[in-house]
Amino acid sequence: MKKLFLMSVAAAALTLGSAQAADLKFTPGEGDFNWESYEALKATQLNGEEVTVFGPWLGPDQENAEAVLAYFAEATGADVKYVGSDSFEQQIMIDAEAGSAPNIAVFPQPGLAADMAKRGFLTPLAEGTGDWVKENYAAGQSWVDLGTYAGKDGSDNLYGFFYKVDVKSLVWYIPENFEDAGYEIPETMEDLKALTQKIVDDGGTPWCIGLGSGGATGWPATDWVEDMMLRTQAPDVYDKWVSNEVKFTDPAVIGAIEEFGWFARNDAFVAGGAGAVATTDFRDSPKGLFSSPPQCYLHHQASFIPAFFPEGTKVGTDADFFYMPAYASKDLGKPVLGAGTVWAITKDSTGAQALIKFLQSPIAHEIWMAQKGFLTPYKAVNTDVFSDPTLKKMNDVLLGATTFRFDGSDLMPGGVGAGSFWTGMVDYAGGRSAEDVAEAIQKSWDALK
């Protein structure tokens with residue numbers, strides 16, 4: 001594996017080592033980019049210094065990441081090499097243990113980064129970085145908390161810098177169907193529940209919900225429950241639930257499961273009836289939105305779901321989304337559930353520090369925004385550079401967040417977050433009580449200790 005990694009680094013060098021102004025995707029000085037942040041970067045000169053970056057991105061995302069890094073290389077003179085791998089989680093640990101880690105590692109979830117910090121494999125970010133994040137990112141404290149871990153000596157430090165984020169708290173719908181039926185976009189959870197009932201009263205079926213996903217069946221329901229936790233409980237309760245300080249059997253968690261059940265366990269609310277929820281594949285479940293007459297009007301899912309819409313669907317016109325609203329009756333702000341990548345220093349150097357500093361410049365975000373598949377909570381970016389208006393609208397959801405929380409099941413131990421939580425939600429959708437399901441999940445967590 002190590003040999004393969006080094007070979008990949010060499011291959012990447014052929015691409016990035018020759019990055020010049022002519023290779024940059026967007027010509028400096030042109031367009032609506034914050035080019036002054038690029039010009040300021042030139043004050044940092046790293047001629048002859050190699051900076052290695054290892055992450056999970058392959059294919060188009062790797063090309064987009066390399067396009068961003070090319071600006072860092074061009075401005076500073078650094079020799080930047082990016083290597084992507086679909087075995088990132090295993091490889092980065094092997095490299096760290098072997099003493100041959102890259103300068104920067106891009107973690108697809110914070111749990112592994114926290115584990116590596118605890119083992120002494122990460123370097124704390126420069127002093128002041130946390131203050132910068134709090135001031136410049138929407139829901140800034142959330143990002144600081146997500147990037148702060150205990151080190152080998154047990155003290156907490158900021159190790160992770162979030163760059164490239166995904167949003168989950170979305171509800172998808174067909175604008176034409178809404179217009180024909182006279183439905184409005186709900187602004188609150190109370191409105192969303194009222195709309196759900198109104199659709200039934202009008203003779204329709206409000207929701208398409210599918211939990212099927214092969215060996216991962218059940219995970220879509222965990223997103224529902226996490227969104228409901230954030231809309232019924234304070235963020236610190238969510239955090240304690242994810243760390244199991246608040247047990248699954250706590251009334252707060254059972255209440256969130258039952259909030260999901262309000263939508264999913266009512267035969268009149270779900271296409272095919274409640275019995276179809278657990279057996280419908282999540283990839284097929286949005287198709288009912290597009291049938292005529294519509295089999296359903298609403299679908300809760302993350303930003304990736306258009307990949308499973310009928311071919312040729314134009315998001316923003318043929319299908320659209322709105323923010324999964326919060327309760328007006330609860331003072332919990334506008335929470336957003338999501339995921340994202342966190343950058344951390346695995347081999348400290350002047351170049352590694354400079355690259356993290358580069359991520360604090362608007363241009364480092366705008367270059368990827370102008371390509372595809374990038375969202376950022378950075379408030380100072382010019383969102384006019386988004387190449388896709390749908391991404392810009394999703395980013396507005398992120399920038400409007402008062403709280404951001406990472407996908408809770410991804411932060412739990414694998415046996416729970418990718419095990420008993422999934423199967424428990426299938427059991428719950430099938431009719432088992434929330435109390436019984438919660439007790440079974442908690443027992444599985446206790447058994448890990």
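## Cavities and pockets

Helix 10 supplies four residues to the lining of the largest cavity, the largest share. The model is predicted. Its count is two cavities of 30 Å³ or more.

The largest cavity holds about 60 Å³ of space. Its lining is made up of Cys208, Ile209, Gly210, Trp219, Pro220, Asp223, Trp224, Ser285, His299, His300 and Gln301. Helix 10 (219-232) and strand 8 (299-300) are the elements that give two or more residues to this lining.

The second largest cavity is lined by Val133, Tyr137, Trp143, Leu158, Gly160, Phe161 and Phe162.

Now the open sites. In the largest pocket, 22 residues form the lining, and Gly111, Ala114, Val242, Ser243 and Leu411 are the closest to the centre. Helix 5 makes the largest contribution, six residues. Elements that supply at least two residues each include helix 7 (140-147) and helix 11 (235-242).

The second largest pocket has 21 lining residues. Lys168, Ala339, Asp407, Ser409 and Asp410 lie nearest its centre. Helix 17 gives the most here, with four residues. Strand 6 (161-167), helix 10 and helix 16 (408-411) also supply at least two residues each.

Volumes and lining classes are set out below.

| Site | Volume | Lining residues by class |
|---|---|---|
| Largest cavity | about 60 Å³ | five nonpolar, five polar, one charged |
| Second largest cavity | about 30 Å³ | six nonpolar, one polar, no charged |
| Largest pocket | about 680 Å³ | 12 nonpolar, five polar, five charged |
| Second largest pocket | about 360 Å³ | 10 nonpolar, six polar, five charged |

Definitions and conventions
Residues are numbered from 1 along each chain as its sequence is written. This is a predicted model: local features need pLDDT of at least 70, side-chain atom pairs count only at pLDDT 80 or more; totals for chains, interfaces and linings use all residues. Side-chain values use heavy atoms; hydrogens and water are left out. On a 1 Å grid over the protein atoms alone, a cavity is a set of points where a 1.4 Å probe fits but cannot get out, and a pocket is an open set with protein on both sides within 12 Å along at least five of seven lines; lining residues have an atom within 4 Å of a point. Grid points are joined across faces, edges and corners, and a volume is the space filled by probe spheres set on the points. Ala, Val, Leu, Ile, Met, Phe, Trp, Tyr, Cys and Pro count as nonpolar, Asp, Glu, Lys and Arg as charged, and the others, Gly among them, as polar.
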